[in-house]
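Here's a quick briefing to read with the structure open beside you.

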Amino acid sequence: MLRRSARAAGTVLAAAGLALAGLQAVPATAVQAADARAGTTTAGRTAAEALGAAEAPPELLRALRRDLGLSGPQALRRLANEAEAGATAARARQGLGDAFAGAWVDGPESATLTVATTRAADLAAIRAAGARARLVPHGLAALERAKAALDRDATADTPVRYVDVRANRLVVEEARPGAAARLLAATGVPRALVGVVRSAGAPRPLYGLRGGDAYYMGGGRCSVGFPVTRGTTQGFATAGHCGRAGTTTTGFNQVAQGSFQASVFPGNDMAWVAANANWTATPYVKGAGGANVQVTGSVLQPVGSSVCRSGSTTGWHCGTIQQHNTSVTYQEGTVSGVTRTTVCAEPGDSGGSYISGSQAQGVTSGGSGNCSSGGTTFFQPLNPILQSYGLTLRTTSSDPGPGPGPGEPAPGGTWKAGTVYSAGDTVTYGGASYRCLQGHQAQAGWEPPNVPALWQRL
């Protein structure tokens, strides 16, 4: 019964996504895609179906009930709505261009999608697509450029900077009174663009093959992010601050495990560990009570979406995505491009998994607070890790069967399984051209004609 409810809940936002893809009889300034066929050629396969929202395991639903105060049916409907909202928001961003000012979901079931624009002419088309429309003065790209200027001169006195799309402004957290004003004066960023809040606590890296399991290096402990492969080598993605290239690791059972192959911190917070032959990558994250939670892809979810984290200190906790592309200045330096969340974490959880439904989101970087009083955490998105190191996220319990493997082109096109695509990338497949709507790692079954939530036909 829960699965039927999830599919029904996704139909409204699915229709919104199709409408945004197919608008043709509206002014050029409004939201529209290049071809009305996008999203209508695959027999009604919705984003929720493509991303497996209805297959959420009981452990995930129980955690959403506990941490977000939802019933079981509400949790499943929320996951379905978030999948559809992500696809709709991605089409809106493509159509609005520089006028796009952000998108987010609201409500216990994430049933309300809002799309913001700087052009009044876009409002009717956004509403016609089934989303709420908001007219704002600043585009997202302009606010992110201003944030980049702040990042260059920020110190630990202004430890966190991000764009709050709901408020259409930059936010600077200051640890000392007057620190934000000094940063703005030094960079020339207009005060009118910025909201200043007092930092609740200095964020710090959470020091301390299944996502969330512990691993050890020297006297420290971190958590496995997501099991991956690179050719025939198996291993896992994790946080860069947990170790440097060459650092050896032992597993949760203190058995020799492998070594860090590459690591970046600060700047980003990414690394990967190659395991020895005694360890096998699995497509799972450790859920509540040690249960396996299936990972099926890596589609990043929109602001407001639910997200759950697995770590070796505090286990399985859920919350919501607050802002993407956040910059955090730790004592060790600045890390950019992380996502800010309401999920709690504690030392030792670093490197662990963040997952929305079955979609891998990223690995724990740091945060403030704890899981007794609550807190804020940041994750390094996974797709840049996969792309930087040529890794393939493990989404099946065995090696892929026949068909194009990672890095091999599909017949008659440039689309390749195993490639990490960003929004706006274009490929060819089966004689047609497609534009990527949502960043993800391509895999068999997600060929462009099969997933209109991820690809728009041109």
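Ser298 counts as buried, because its relative accessibility is 2%, under the 20% cut-off. Keep in mind that this is a predicted model. The serine sits in the loop between β16 (292–294) and β17 (306–311).

**Around Ser298**
- The side chain of Ser298 makes a polar contact with the side chain of Asn383, at 2.8 Å.
- Leaving aside neighbours within four places in sequence, Ser298 also touches several other residues, among them Gln359, Ala360, Leu386, His440 and Trp446.

**The disulfides**
- The count comes to three disulfides, and numbering the bonded cysteines in sequence order gives the pairing 1-2, 3-4, 5-6.
- Cys222 and Cys242 have their sulfur atoms 2.1 Å apart, and this link is left-handed, with -90 degrees about the S-S bond.
- Cys222 lies in strand β9 (residues 220–223) and Cys242 in the loop between β11 (233–238) and β12 (248–250), so the bond ties together parts that are 20 residues apart in sequence.
- Both Cys222 and Cys242 are buried.
- Cys308 and Cys318 come next, with sulfur atoms 2.0 Å apart and a right-handed link at 95 degrees.
- That pair joins strand β17, which holds Cys308, to strand β18 (residues 315–330), which holds Cys318, ten residues apart.
- Cys308 counts as buried at 1% relative accessibility, and Cys318 is buried too, at 7%.
- Cys344 and Cys371 have sulfur atoms 2.1 Å apart, and the torsion about their S-S bond is about 100 degrees, so this disulfide is right-handed.
- Here the link runs from the loop between β19 (333–341) and β20 (353–356) to the loop between β21 (359–370) and β22 (374–381), with the two cysteines 27 residues apart.
- Cys344 counts as buried at 10% relative accessibility, whereas Cys371 is partly exposed at 21%.

**A three-stranded sheet**
- An open sheet of three strands runs in the order β25-β26-β28, with antiparallel pairing.
- β25 (426–429) and β28 (455–457) stand at the edges with a single partner strand each, so one side of each has no neighbour in the sheet.
- From one strand to the next, the twist averages 35 degrees.
- Four bridges join β25 to β26 (residues 432–436), and Val427 stands opposite Tyr434 in β26.
- Cys436 counts as buried, at 0% relative accessibility.

**Helix α3**
- Buried residues in helix α3 (residues 58–68) are Glu59, Leu60, Leu61, Ala63 and Leu64.
- Gly69 follows α3, and its phi is positive, near 70 degrees.

Technical notes:
Residues numbered from 1 in each chain as written. Predicted model: local features only at pLDDT ≥ 70, side-chain atom pairs only at ≥ 80, totals over all residues. Heavy atoms only, no water. Buried < 20%, exposed > 50% of the residue type's maximum accessible area, 1.4 Å probe, protein only. Polar contact = N/O pair within 3.5 Å; in protein donor to acceptor, adjacent residues only side chain to side chain. Contact = heavy atoms within 4.5 Å. Pairing = 2+ DSSP bridges. Axes fitted to C-alpha atoms, helices over the stretch in contact; angles between N-to-C directions. Disulfide = S-S within 2.5 Å.
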